[in-house]
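Have the sequence and the 3D view ready.

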Amino acid sequence: MRHRLVSIAPTIIVAVMFALAAESAIAQAAKPAPGAKNWTPPKTPWGEPDLQGTWTSDDCIGTPLNRPANLGEKLYYTEQELAERQSQLARQQQNDLQEFVAPNQRVGTGPPSHWVERGRRPCKQTSLVVDPPNGRTPDLLPEAQTRRIPEGANNENPKADSWEDFSYYIRCISRGVTGSIFPVIYGNGQQIVQAPGYVTILQEMVHEARVIPVDGRPHASPNIRSYMGDPRGHWEGNTLVVETTNFLGNRTGIGLNGGGTPTSDALKLIERYTRTGSSEIQYDVTIDDPKTFTRPFKVAFPLTQEPGYQNFEYACHEGNYAMSNSLSGARAREKAEAAKKK
Amino acid sequence: MAIQELHLMGRTVMSYRLWGWVLVSAAVVVLFTAMPGTSQTSPRTTSQIPRMPDGKPNFTGLWQVLGTAHWDIRDHGAQPGPFLQLGAAGAMPAGQGIVEGGEIPYTPAAGEKQKDNLQNRMTLDPEIKCYMPGIPRANYMPFPYQIIQSQRDIVFAYEYATSNRVINMGKFKEAAVDTWMGTSNGRWEGDTLVVDVSGLNGNSWFDRSGNFQTDNTHVVERFTLADADHINYEASIEDKTIYTRPWKISTVIYRRKEKNAQLNEFKCVEFVEELIYGHLKKK
């Protein structure tokens, strides 16, 4: 035990240094919205902070995980830049509407643009990563660089020998914890339902239900590992703090939809959910994987409410025709190529 | 209900019959006055069930049905399993059914379809493919499920296939679209949680024996806490297209009491990919 504590000491020191450095950035990110000064966070009838409702990360759709290098340490857009982005959003909404109503218009083979979700407000951040200060995912450790990222199939370079060539998302298994909340083109709904002793987060895509005990019980045995890990929550003031461990290694990564280099079985996530207004939760997550990244890092963004937004059943695997079609397409191509050679 | 009370207490005061009656009457009066608004249910049981701050029964917890209804919701004898290699471990145990009256009132054509389903179970049973189980099947599969009850809506998070549903306890919502798990609207009838399930897509079965439903099937469930650790569960099932009359199932749901019991993850997709896509793999 002693030996083990000593061996993880450097990690703890790095984590503390990182936490101190990140504090100012996070404090800024978690600042209540203007006009919310006298707002009192609601409580459940049993006295816990009430986070319930359906929230989405839609407002930060399109914000890259990693900040473009030319923006340096600039985390927030200026007021003028935000105004420009707001008018872009308005134009986009106008276009969505036009495409929806205009008859006989030329359309592509992809889904129409009104299928995707849009934020109502422009995201204030230039990247989802808020720490380190350059807004970029830390470097990978050498042992992580060789981990295979399922490349999936694309038209130019089909790699569809087996379902195992596809991501766990495409296979309808899971996007992992961060992949299930980071904003993507649709399905960003997070429905929070609380009971005395529990917080549940229902995520539309791949129908995850994270049941988070907030009753102080210890983690499950490390022998029980899973895609979504073993979450334990507690309250710090009005903030729900969730620590998740017991992940399976080498499945999903810390990218959109769980993409990117797969994390290891040493991954630990600390998430913080803080209600900052009647329709906003500030979300942040510290990603600590000492077998994958050179240091812990933090991602943060707001979760907001949209009137009328609701989760639907996402029967992903039940309707995964894409998998059958990709595999049978690849087999057909092989057959055609073999026939050509004869 | 009061009779049960009298019976239980009467035994201890048998030799002092007169005093006994006085004591029992007093006890009943005390029980009734101590619990306003619970006159519809037994004072003995309501004193033991967990309640929300507003007095509603609190179903929050980890629950599971015992028994063999997941094999066949009708009475059934023991049978060998489909795979020789699994031997006794793969066999189907005998069990009492949960269908009231024993038989499902299929129309003749539907009865034939059930037999056909059973014969072709390995290719047709949605459980084998890790598809969502639907309602009511999810409630008595051999897996636990977590109920999370808020001051309004109630979540059922099932371990099998990470399937789940939210019971809307607000204004009744029509099913927007047919789904595997259906659209659940709940209401309270005294201490009973009544859940109306509509918008089922008709792809679900009731068990591993081919008993089936359609997209016209309407299910009304009733959850009543018998005491802190047992839920009396009933579901009435109606579908004029395949049943000649409405019918009912009833069983008991048990609270998982182990100190370290918790909902685990059973993402079964990766256990069925070889089965579903194996023929499309590169040779």
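This is a predicted model: local features need pLDDT of at least 70, side-chain atom pairs count only at pLDDT 80 or more; totals for chains, interfaces and linings use all residues.

Q: How many residues does the contact take from chain A and from chain B?
A: Two residues count as in contact if their C-beta atoms, placed from the backbone, lie within 7 Å. The contact takes 33 residues from chain B. From chain A it takes 38 residues.

Q: Which element supplies the largest share of the side of chain A that touches chain B?
A: Strands E3 (189–195), E4 (198–203) and E5 (208–213) and helix H5 (321–341) of chain A each supply at least two residues of that side. The side divides into 19 nonpolar, 13 polar and six charged residues. Its largest share is five residues, and they come from H5(A).

Q: Which residue in the turn of the hairpin of E5(B) and E6(B) has a positive phi?
A: E5(B), residues 183–189, and E6(B), residues 192–198, pair in the antiparallel sense over seven bridges. In this pair Arg187(B) stands opposite Val194(B). Two residues lie between the strands of the hairpin. The one with a positive phi, of about 60°, is Gly190(B).

Q: In which sense do E4(B) and E5(B) pair?
A: Asn168(B) stands opposite Asn185(B) in E5(B). E4(B) covers residues 164–168. Over two bridges, E4(B) and E5(B) pair in the sense called parallel.

Q: How many residues are in the largest nonpolar core?
A: Val199(A), Tyr283(A), Ile148(B), Val155(B) and Ala157(B) touch the most other members. Ala157(B) touches residues including Val211(A) and Leu263(B). Apart from this core lies another, of six residues, among them Trp163(A) and Met323(A). The count for the largest core is 98 residues.

Conventions: Residues are numbered from 1 along each chain as its sequence is written. Chains are lettered from A and ligands numbered from 1 in the order in which they are written. Helices (H or I, at least four residues) and strands (E, at least two) are DSSP runs, numbered from the N terminus. Ala, Val, Leu, Ile, Met, Phe, Trp, Tyr, Cys and Pro count as nonpolar, Asp, Glu, Lys and Arg as charged, and the others, Gly among them, as polar. Two strands pair if DSSP finds at least two bridges between them. A nonpolar core is a set of buried Ala, Val, Leu, Ile, Met, Phe, Trp, Tyr and Cys residues joined through C-beta atoms within 7 Å. A residue is buried if 20 or more other C-beta atoms lie within 10 Å of its own, exposed if 12 or fewer, and partly exposed in between; C-beta atoms are placed from the backbone. Lists of a residue's contacts leave out its neighbours within four places in sequence.
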